[in-house]
Amino acid sequence: MGRFHRHDDGTVHSHDHDDEGHHHEHPSGDQPRPRGRHAAAPTEDDPQALAELIGDHTGYQTGRERIEILQDIYAENDELAAANRAALDAAGVHAVNLMSSPGSGKTTLLARTLAAFEGSVRVAVIEGDIETPLDAERLGGMGAQISLLNTGDGFGGECHLDAPMVAKALRGLDLDAADLLVVENVGNLVCPAEFDVGEHRKAMVYAITEGEDKPLKYPVMFRSVGAVVVNKMDLAPYLDFDMDLFRSNLTAVNPQAQVIELSARTGEGVDAWLEWLRAPLA
Amino acid sequence: MHEVSLCRQVAAAVTRATAGRHVQTVYVTVGELRQVVPEAMAHAWTFVVRGTALDGARLELHHVQAVVTCDDCQHNTRLGRQLGFDCPACGSSRTHVSAGEEFVLTAVDVDGPDDDCTPEQEGTLDGALSPS
């Protein structure tokens, strides 16, 4: 492996800058490129910029052939997510991807949601759980279909649900008998934000025990959602939680997010959450 | 955080693209908002490919800064330590991320057609290096 080093522009590499060694002709048509320069922000839509970015590495001392690929590693996930969404649309099911850190009260809120919707909204749940069926057991017996996805896979388990996993879980559900699908993601504020699983909307549960700074520390997560449930409000008298500071931190990364303050334990404020879930079902 | 699974996906894509040829270097462009830790990725790569056809292949990451573009005034801002997505030029909150979400396998270097290639032979790989 080469060594990582960081340039002034923030570019990180693990190769050697053997610029002098790059000067030879490429009769095959590979044009010489400026050395030691890197495009600041190429995108996948700009193959030329990407080609330029890797231009430093053409020309080696030994037999070597460059295969240009330009494959978005997330594209496969996104295609399958689109297929999931199409299947959900065909069955008239609205899907919500529910994310949070571990212990924020996601499953408690979901249990309350299922109890409230029993008999009025037909709910299906995909439950992402690293090793255990504990969460799925907590949600049983409330009229909802539950599909459990244990994400444990040898090396500590996956840290998020992705579209292939959700596609597999969807096969265990009768979508024609559901109005709303809630995908309870793995408790983690980093990875789940980056994987479209085919949902229509994303929401997250945040507990006031987590501290006001979390939107700034996990901006990708907080920016990805349409609603932020602020849970454990019943604990507010015992904490020094500063709601104004939290809200201004959230606004800095996601000014559009709807904030729903509630206590999943006492049920106070849950109606606003139920309304958010139900709104697109009409 | 999911560097291991990302490395697995990269390895699978490389394996498909190289059809059994010996891989020397794998080039991946990673946007800042993908939250990949370069050192963790490099470490994960070594054990994901160990014992596979890609064993020994180098992984080279190119880091892309996150940039937000204002929908109102089109001003580009590089996201810095003071994370905020509002446009600093006009104050608008209507912005979108225009760079920093990449995770692209850009290219792979494989051994030339002749594995025992000497430096003088490089010029004989007519057509092989042509960019598409």
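## Chain A at a glance

Chain A contains nine helices and ten strands. The model is a predicted one. Of the 282 residues in chain A, 53% count as buried. Look also at which residues touch which. Among contacts in chain A with a separation of 6 or more, 69% join residues 24 or more positions apart.

## The seven-stranded sheet of chain A

Seven strands of chain A make an open sheet. Their order is S6-S5-S7-S4-S8-S9-S10, and the pairing is parallel. Two strands stand at the edges: S6 (145-150) and S10 (258-261) of chain A. Each of these edge strands pairs on one side only. From one strand to the next, the twist averages 20°.

A helix lies against this sheet. H3(A) packs on the sheet and touches S4, S5, S6, S7, S8 (201-207) and S9 (227-231) of chain A. The direction of H3(A) makes about 165° with that of S5(A).

Which residues of S7(A) are buried on each side? Leu180(A), Val182(A) and Glu184(A) are buried on one side. Leu181(A) and Val183(A) are buried on the other. Strand S7 spans residues 180-184 of chain A, and five of its five residues are buried.

S7(A) has strand partners as well. Strand S4 (residues 94-100) of chain A pairs with S7(A) in the parallel sense, over five bridges. One bridge partner pair there is His94(A) and Leu180(A). S5(A) also runs parallel to S7(A), and five bridges join them. Here Ala124(A) has Leu181(A) as its bridge partner. Ile126(A) stands opposite Val183(A).

Val123(A) is found in strand S5, which covers residues 123-129 of chain A. Is Val123(A) buried or exposed? Its relative accessible area is 6%. The cut-off for buried is under 20%, so Val123(A) is buried.

What does Val123(A) touch, leaving aside its neighbours within four places in sequence? Its contacts are Leu114(A), Phe117(A), Ala144(A), Gln145(A), Leu180(A) and Val182(A). Now take a residue elsewhere in the chain. Asp242(A) is 119 residues from Val123(A) along the chain, and their C-alpha atoms are separated by 35 Å.

## Two helix pairs in chain A

Two packed helices are described by the angle between their axes and the distance between the axes. Start with H2 (residues 75-90) and H5 (residues 163-170) of chain A. They pack at an angle of about 30°, with their axes 8 Å apart. Angles under 35 degrees count as roughly parallel, so H2(A) is roughly parallel to H5(A). The crossing of H2(A) past H5(A) is left-handed. H2(A) brings Asn77(A), Leu80(A), Ala81(A), Asn84(A) and Leu88(A) to the contact. H5(A) brings Ala163(A), Pro164(A), Val166(A), Ala167(A) and Leu170(A). By class, these residues are eight nonpolar, two polar and no charged.

The other pair is H3 (residues 106-117) and H9 (residues 270-278) of chain A. Their axes come within 11 Å and cross at roughly 70°. H3(A) and H9(A) are therefore roughly perpendicular to each other. From H3(A), the contact uses Leu109(A), Arg112(A), Thr113(A), Ala116(A) and Phe117(A). These meet Val270(A), Trp273(A), Leu274(A), Leu277(A) and Arg278(A) in H9(A). This contact has seven nonpolar, one polar and two charged residues.

## A sheet across two chains

Another open sheet is built from strands of chains A and B. Its four strands run in the order S3(A)-S6(B)-S1(B)-S2(B), with mixed pairing. Which strands stand at the edges? They are S3 (64-72) of chain A and S2 (58-64) of chain B. Each has a single partner strand, so one side of each is left without a neighbour in the sheet. Neighbouring strands here are turned by 15° against each other on average, direction ignored.

Strand S1 (residues 23-31) of chain B runs parallel to S2(B), joined by seven bridges. Val26(B) stands opposite Leu59(B) in S2(B). Helix H2 (residues 38-49) of chain B packs on this sheet. This helix touches S1, S2 and S6 (103-111) of chain B, and its direction makes about 160° with that of S2(B).

Definitions and conventions
Residues are numbered from 1 along each chain as its sequence is written. Chains are lettered from A and ligands numbered from 1 in the order in which they are written. This is a predicted model: local features need pLDDT of at least 70, side-chain atom pairs count only at pLDDT 80 or more; totals for chains, interfaces and linings use all residues. Side-chain values use heavy atoms; hydrogens and water are left out. Axes are lines fitted to C-alpha atoms, for helices over the stretch in contact, and angles run from 0 to 180 degrees between N-to-C directions. Angles under 35 degrees count as roughly parallel, over 145 as roughly antiparallel, 65 to 115 as roughly perpendicular and the rest as oblique. A crossing is left-handed if the near helix is turned anticlockwise from the far one by less than a right angle, and right-handed if clockwise. Contact means heavy atoms within 4.5 Å. Ala, Val, Leu, Ile, Met, Phe, Trp, Tyr, Cys and Pro count as nonpolar, Asp, Glu, Lys and Arg as charged, and the others, Gly among them, as polar. Two strands pair if DSSP finds at least two bridges between them. Buried means under 20% relative accessible area, exposed over 50%, partly exposed in between (1.4 Å probe, protein chains only).
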